[in-house]
Amino acid sequence: MTTSNNIKDKFQLEIVSLTETFNEIVKKFKSLHSSITESYNKVPKATKQLDKINEQTEVATNQMLDKVEAITEREQDISGGLGEIEKLAKEGKDDEICELVVKLKSKSEINVADAYIIMDALQFQDITAQQMDHAASMLEDIESKLNDIVEALNASSAFPEKGGAYEKKIRIFDPHADLFEKKTEQREIDTMFDKVTKQKIE
Amino acid sequence: MANMKILAVDDSPTMRRIIVNTLKRAGFDDVIEANDGKEAMEKLKSEAIDFLITDWNMPEMDGLTLVTNLREDAKFKSLPILMVTTRSVKEDIVEALKAGVNNYIVKPFTPDTLKEKIDQVLSGQSK
């Protein structure tokens, strides 16, 4: 009878210990749940952000390529025209030279204007750089959450040493930076400032 | 007007280059640059600046803090300030307005918009 009671007590103690262990595991998983959910939610956001950068960079690059192609074409016309001028000058055809010079001057002016358009379009670099920083910061958050999970599970030994340790960059960016979509249009901003100025004057 | 000294503040070297080029095209030849609000403060204290163009998101000191600090200083209370930023959320624009910017442009901007806003600020009108 005593032996049977001893076995029963031992069994009960084991059950209690097992229950405690299970409770601990459940607690740990609950605490990890928010980290996992957050990381899980950030992955598609980061992917979407990277796709957006790709698209916007492609559009901006193509706009610039259009201009570069047009400039190159005009430059070829200008070069050909200069050869023509040389020929006409040798033949002493002054009126035709003047006419050609006017045409070439106009093409050259358009080229300068297009070059400025390209320069203005290069603003996309500042915007996509901020979008990249946004995506990178989301990926860094995921990395940090995953580190927390690994530490909480005391499982660091089960994972290989992190390759390429790096110093994290301080990232300052506008999460809404967009090349084509502005949350508030310039004319709306103008109205806001106009109102304030009018109030100041009154 | 074209003789005035403009300080362009932006942490993006590309943006600074574009702004300086656009200003030069518009006839403003005297343009100096700063990488962030802190550097801008130093330049404003050591040089006579007539007009400030500043970005918002910058390291060390952001554009909004720069504007707030300047407006608290009697010496810079009436310095014309134009903010040129990617931030286009209405609440941000209101915040910039409250901090004391004279006008606001959302990037990307056209050279015409930049010139127009500078002219408006200088003439004391927002529009």
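Tutor: Let us begin with Gln131(A), which lies in helix H3 (residues 124–152) of chain A; helices (H or I, at least four residues) and strands (E, at least two) are DSSP runs, numbered from the N terminus. This is a predicted model, in which local features need pLDDT of at least 70 and side-chain atom pairs count only at pLDDT 80 or more, while totals for chains, interfaces and linings use all residues. Residues are numbered from 1 along each chain as its sequence is written, chains are lettered from A and ligands numbered from 1 in the order in which they are written, and side-chain values use heavy atoms, with hydrogens and water left out.

Gln131(A) counts as buried because its relative accessibility is 1%; buried means under 20% relative accessible area, exposed over 50%, and partly exposed in between (1.4 Å probe, protein chains only). Apart from neighbours within four places in sequence, the residues in contact with Gln131(A) include Gln49(A), Ile53(A) and Leu179(A), where contact means heavy atoms within 4.5 Å.

Helix H3 of chain A also holds Phe124(A). With a relative accessible area of 11%, Phe124(A) is buried. Not counting residues up to four places away in sequence, Phe124(A) touches Thr57(A), Ala60(A), Met64(A) and Leu179(A).

We may now turn to the meeting of the two chains. Chain A contributes 29 residues to the contact and chain B contributes 34. Together they bury about 2,900 Å², 60% of it on carbon and sulfur atoms; buried area is the accessible area (1.4 Å probe) that two parts lose on being put together, summed over both. Four salt bridges are counted between chain B and chain A, each being a side-chain nitrogen of Lys or Arg within 4 Å of a carboxyl oxygen of Asp or Glu. One salt bridge joins Lys117(B) to Asp190(A), with the closest N and O atoms 2.9 Å apart. On the side of chain B that touches chain A, at least two residues each come from helix H1 (13–25), helix H4 (90–99), strand E5 (103–106) and helix H5 (111–122) of chain B. H1(B) gives the most to that side, namely six residues.

Finally, the largest nonpolar core has 30 residues, and Leu7(B), Leu52(B) and Tyr104(B) are among those with the most contacts inside it. Such a core is a set of buried Ala, Val, Leu, Ile, Met, Phe, Trp, Tyr and Cys residues joined through side-chain atoms within 4.5 Å. Helix H4 (186–201) of chain A is one of the elements that supply at least two residues of this core.
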